[in-house]
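User: Can you walk me through this one? I'd like the overall layout and then some local detail.

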Amino acid sequence: MTPVDQLAPGQSARNHEARVAVAGAAPTAGPDGLHDATSDSRPVFPWRPLVLVLAMTDAPGEWADAVALVDDLQDLDVDARLALPSVPAERSRTVRPARSSESTLRTLRPDVVVAWDAEAVAAAERWATGLRTLTVIERAGDGADVDTVSWRIGRARGRVRGQFGSGAPARDLVPLVHRLAAGPHPEAPDPNVVIREPQRKWDVVDPKLGVHHRPSARTCTYVIGDSTPPASRRAAEALAGHLGRANVDVTLGDLSSPALAATADIVLLQGVAGDSAARDLVARRAGRPTVFVLDENDIGADGRLTAEAVDLAGRCGAAIAPTDAGRDLLRAGVDRPLRAITVAPVVAAERYRALAAAGRDAVPSVHEVIAWYPATDEPVVDDAIEQALRAVLDAHPAVRVDVVGGGRQLEGHPLVRRLSTTPPPARAARWAMFVTAGGRRPRLRVEPATLTEVGVLGVPSVVPAGWAGGPGRVRVERPEQASSWEAAISHLVDELPTRDALAFEAAAAAECLQRPAAADALVNRFLGWIDRGSR
Amino acid sequence: MSVPVTVIVPVYGGLDDVVACLGSVVRHGADVPIELLVIDDASPQPEVAVFVDQFGEQDHPIPVRVLHNPQNVGFVRTVNRGLAATKGDVVILNSDTQVTAGWLDRMVEAAAADDVATVTPLTNFGSICTIPASVIDAFDLAGDAPRIDECAQFVARASLGLRPDVITGVGFCMLMRRDAIDVLGGFDEETFGLGYGEEVDFCLRASRVGFRHVVEDSTFVYHHGGGSFGESRRLGLARGSAILHGRYGFFRPANRRERTENPLAVPFAALELALDTRDPSRRQVLHILHSSPGALGGTEKHLRSLIEALRGEYDASILFPVESGFVLRTMWFTGDGPPVEREMLFPGAAGRVDKLVDDVAAETLRAVLDVDHYDAVHIHNLIHHSLAPLHALEDFDGQVVCSVRDLYLACPNHWLLFRNQAACGIPEDLEVCAACLPPTRGMAREDLEAFRGAVGDHIDVVDHWVFASQSAADYMLRAYDLDPGRIELIQHGAIIDVDRARRPLDPALVTDEPLRVGFVGMGWPKKGLDVVNRVADRLGDTSIEIHHFGKLRADPSPRVHVHGTYDNEVLPELLDLSGIQVVLLPAPYAETFGHVLTEAFVAGRPVIGTSYGALAERIRASGAGWTVDPDDPESVEALVRALDRHRPEILRAAEAAHELVLRPVAETAHRYAELYRRPDDTEPATAGATAPTEGEPRR
């Protein structure tokens, strides 16, 4: 802790250290002796209640209790300061005393004044005009009591709202300090004073949602490898579209046109780990922003990054992942300095608008149609879902099932319709619920785009426990058991109010997180991160 | 021996209905002396006249007389003939009705007062006396096999027996006291010819000389309806209406008032509530709210969570204002499924209530308390109710709990912002209030004094004052002497899914990216938009970004990144996506709790919050942020710059936020359950009483 004699008048050691940390250099302490507090004495990071122990009646050699109180309060996370009429013989561990003066009080602007004597009470009242929140605790008697003084209208005693005896320990004073610091202002506004400047009318008011701080134009080449899965490719294209809204001219390409990539302001590399051309490109760009985009193919069966991914990400020095799990994999797996953030998949703007419109305009279906996307990588769970849906169909004549993709599940069932791909939004918006167990890559934990999109449509989802929960989703606790799925699905079929509530929640959350303005915020963050790394 | 009540049944066709009607009258009889007078008005179907004659010749439990009009003279003249042929009170009964057990005795009882001219029962087809559709459906009264006697038993059992006054009786079944007939004469047969309006005319004539008309709301009489005079009904109604409005200038305004005040709203609410059986062994709480419980505000969400958390022990009903009155919504839990929800509209003034104590609001609450049993009443917000609930609850013998979510009770300008700008602290000097209330609330100083006097006079109506923070209680203590023994401090708890949304702040976000500060909440000066704008402007030369999440109601600085409205359930995800490291809440008014503060903590974000009120109280207790004076935007700017230069301070505060114990509303519910119980209840407290407070670290 900084020695007290190196502090400014009225400053605490803690505050001094904060100032040094912010300024990067130690301010000068100023002359010896007792002086008015300076602006350096104000807390840099104010969160503790600020208390000024103020004495006006001189009592040379008798400041030990005041000094001790201040030190004890500091130890109890109260930002206590000391103002005295004469230099104390006892040195505080934590603060340098200031001179008792109006300047000290008004410079420090404490939340609470602990008035050491009657004259200090009067001084606080006199000097604190305009410091509307300042309250006073007066020292009264030798006992150990700490108590409030009524602030009830008609009985209040000005700013005095507490009392304590000389024998009261600091810890008993702390709750009162906290309470008074948060309490009602003792000083009313002056009706004759303009409280605040008239609100300025801004010259440019464009409350359009999203990016409206157009950064300067820049170019970006988004290199996507041939092995990139279709879903990842679509997510890349959506991100490219949103980057375009932020004045970034994005070219989607491959490594066959390295010249363009070499000169672009930003390069994103996805699905090209292990390609020597990618390594050469990074080297040629010589430190300009080149970002490794984590893909599911960059993760091996052991759940770790492939050696190629480690190498390329390390060379880039900057990486993005679609999930926090992927981001953490990068940070832990790359042994070179690496900046990594999460850039979640976003729905393309046009796609979002189509989905949202379909959700708004959806006309309820005559039948309750359950959409099921069978998974190829979760056979046990899919079997359970199939059994559950059969039971639901048997018990609910008005239910139908749309099986999208998948194999031979529910083959031949008269109430089941098979679709090879996701239907148009207007049709999907009429689904009563969406059921799926697949597409969750445990390594990256990327949720299928369909799950996101049905949220935009306002369709509730039924998913296995272990997935991220969220508004509009029902999680099945034992996904390998058909009875668990049947119970969850039947409940939603039978309880329309519950389903409606989930649908509303899903749509509200999706609107917040998936609308173009949200994507713009994501892109804004990404570009800020890029710029920070370029400094 | 007293003069019998004569039930006059004019008959003109409709044999099946006539058979059923007459049969029901003789079957049910009465304890009071009764006779039946059937007058055939030259029915066109001969079988009707034949039946009537045969009916009159048979032995019946009650005396039966039959008269025949030689020629058809119409309903009105037929009734008058019947009135002339009787000496006592009469009941005019349509031939397409069926009476039910006890009908006449109760109607006679309702006519006991000397100033009563007419009494009308409830029915399934009869103007203002028509029971709710839900009751009609429940007993298939519109179908081919109406369960008439069952319905009548239900009405008799469920009725509150209020016998409300109405402007006029309804002629399908109307008891007319002989005193009124003697004073007024019979129906105006010259004017009303074939019918439609004659009974209204009689009733309005009666009202003009001081008589009343009563609805016997525990009696049900079935009315087939629509058959009388067939297609000419519509024309007859229109003609009659024109005559009545011409004769009685007071009829139109009286009608309008009756539609607003709806004297049968409460009797009908009692019937609707009785349709669903609530388990009488379960306790029930009436919640008073200022808006629909389905709204998205923090109070509404908190209440929904609370009701759900207490479903094992408590049913709930919620009383809230709408444009045309007050709605009572029941939420009765039976098992694990969704609650039985039914809504009933009670009378109320259209639009905002602006009287100190709104009489209609008070009467409505008293009526609500009458229609069902409540163990406790929980006031969540009095806005739009006036102070009426404090009056109406004086005689309530259950527990009254009042959650002080805003400081409306301390001042009608519940923001406690002088001229909507600066925190006022509830001034001692009412001249300050005199300069604020006129422009902000259209009120004078005297109104404030009256308001506080009215609140102060009824402070003890409330058994438990619940505050979510000590500072909120301290603000109230500025204005009122609350009994400390009645003050409860119960933090609201998180209204979003803490388990799902809780996350630490990624340190790399703090150290590796530009500083982004998020202003979350309504975008207007009351929430600090002025401060945010100034700070954003002054930080324009830096890489620091200022973002706003919420609805805008004033102009933002062009340097503010505007995101629009948000769903607080996913605020943590939104803050992650946007790269926000710190949340800024610089509202000039003193929060009583701060749901957004909780949501920011759930997201692992430290908060820059106002240096007084609940935000300051919670930030100082936790160290999960910093406090600023909204009156000093330069200090906000200085703090943000300092945080930008010294990122470890952000990490310190973020860690403090992540370490906090943040409880969902459900974990606070046991506290409310204890408050709802009467002092003599011996049930043990609900489990969960040992959950730690917010200020304690998680480990």
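Analyst: Below we go through chain layout, sheets, contacts and a few residues.

User: Fine. What should I know before reading?

Analyst: This is a predicted model, where local features need pLDDT of at least 70 and side-chain atom pairs count only at pLDDT 80 or more, while totals for chains, interfaces and linings use all residues. Residues are numbered from 1 along each chain as its sequence is written, and chains are lettered from A and ligands numbered from 1 in the order in which they are written.

User: How many helices and strands are in chain B?

Analyst: Chain B has 27 helices and 26 strands. Helices (H or I, at least four residues) and strands (E, at least two) are DSSP runs, numbered from the N terminus. Chain B is more spread out than a compact globule, because its radius of gyration is 33 Å, well over the 27 Å that the globule rule gives for 699 residues. That radius is taken over C-alpha atoms, and the rule is 2.2 Å times the number of residues to the power 0.38.

User: And what box do the C-alpha atoms of chain B fill?

Analyst: Roughly 110 × 50 × 45 Å along the principal axes. In chain B, 53% of the 699 residues count as buried. Buried needs 20 or more other C-beta atoms within 10 Å of the residue's own, exposed is 12 or fewer, and partly exposed is in between, with C-beta atoms placed from the backbone.

User: Which domains is chain B divided into?

Analyst: Domain 1 (5–267), domain 2 (282–489) and domain 3 (498–659). Such bounds come from an automatic or database domain assignment. The C-alpha centres of domain 2 and domain 3 of chain B are 30 Å apart. Their contact takes 18 residues from domain 2 of chain B and twelve residues from domain 3 of chain B. Two residues are in contact if their C-beta atoms, placed from the backbone, lie within 7 Å.

User: Which element gives the most to the domain 2 side there?

Analyst: α18(B), with four residues. By class, that side of domain 2 of chain B has ten nonpolar, six polar and two charged residues. Ala, Val, Leu, Ile, Met, Phe, Trp, Tyr, Cys and Pro count as nonpolar, Asp, Glu, Lys and Arg as charged, and the others, Gly among them, as polar.

User: Is α18(B) mostly covered or exposed?

Analyst: Mostly covered: eight of the ten residues of α18(B) (470–479) are buried. Among them are Asp474(B), Tyr475(B) and Arg478(B). The buried residues of α18(B) pack against β19 (464–467), β20 (487–489) and α24 (613–622) of chain B, and also against α5 of chain A.

User: Now the sheet with β19(B) and β20(B). What's the strand order?

Analyst: This open sheet of eight strands runs β14-β13-β12-β11-β15-β16-β19-β20 (chain B), with mixed pairing. β14 (340–346) and β20 of chain B stand at the edges with a single partner strand each, so one side of each has no neighbour in the sheet. On average, neighbouring strands of this sheet are turned by 20° against each other, direction ignored. β19(B) and β20(B) pair in the parallel sense over three bridges; two strands pair if DSSP finds at least two bridges between them. Val466(B) has Glu488(B) in β20(B) as its bridge partner.

User: What about the other eight-strand sheet in chain B?

Analyst: That open sheet has the order β3-β2-β1-β4-β8-β6-β9-β7 (chain B), also with mixed pairing. β7(B) and β9 (212–220) of chain B pair in the antiparallel sense over two bridges, and Val166(B) stands opposite His213(B) in β9(B).

User: Switching to the chain contact: how many residues come from chain A and from chain B?

Analyst: 59 residues from chain A and 64 residues from chain B. α17(A) gives the most to the chain A side, with nine residues. That side of chain A divides into 36 nonpolar, eleven polar and twelve charged residues.

User: Last one. Where's Asp324(A), and how does it count, buried or partly exposed?

Analyst: Asp324(A) is in helix α10 (324–333) of chain A. Asp324(A) counts as partly exposed because it has 15 C-beta neighbours inside 10 Å. Asp324(A) and Val44(A) are 280 residues apart in sequence and 33 Å apart in space, C-alpha to C-alpha.

Technical notes. Axes fitted to C-alpha atoms, helices over the stretch in contact; angles between N-to-C directions.
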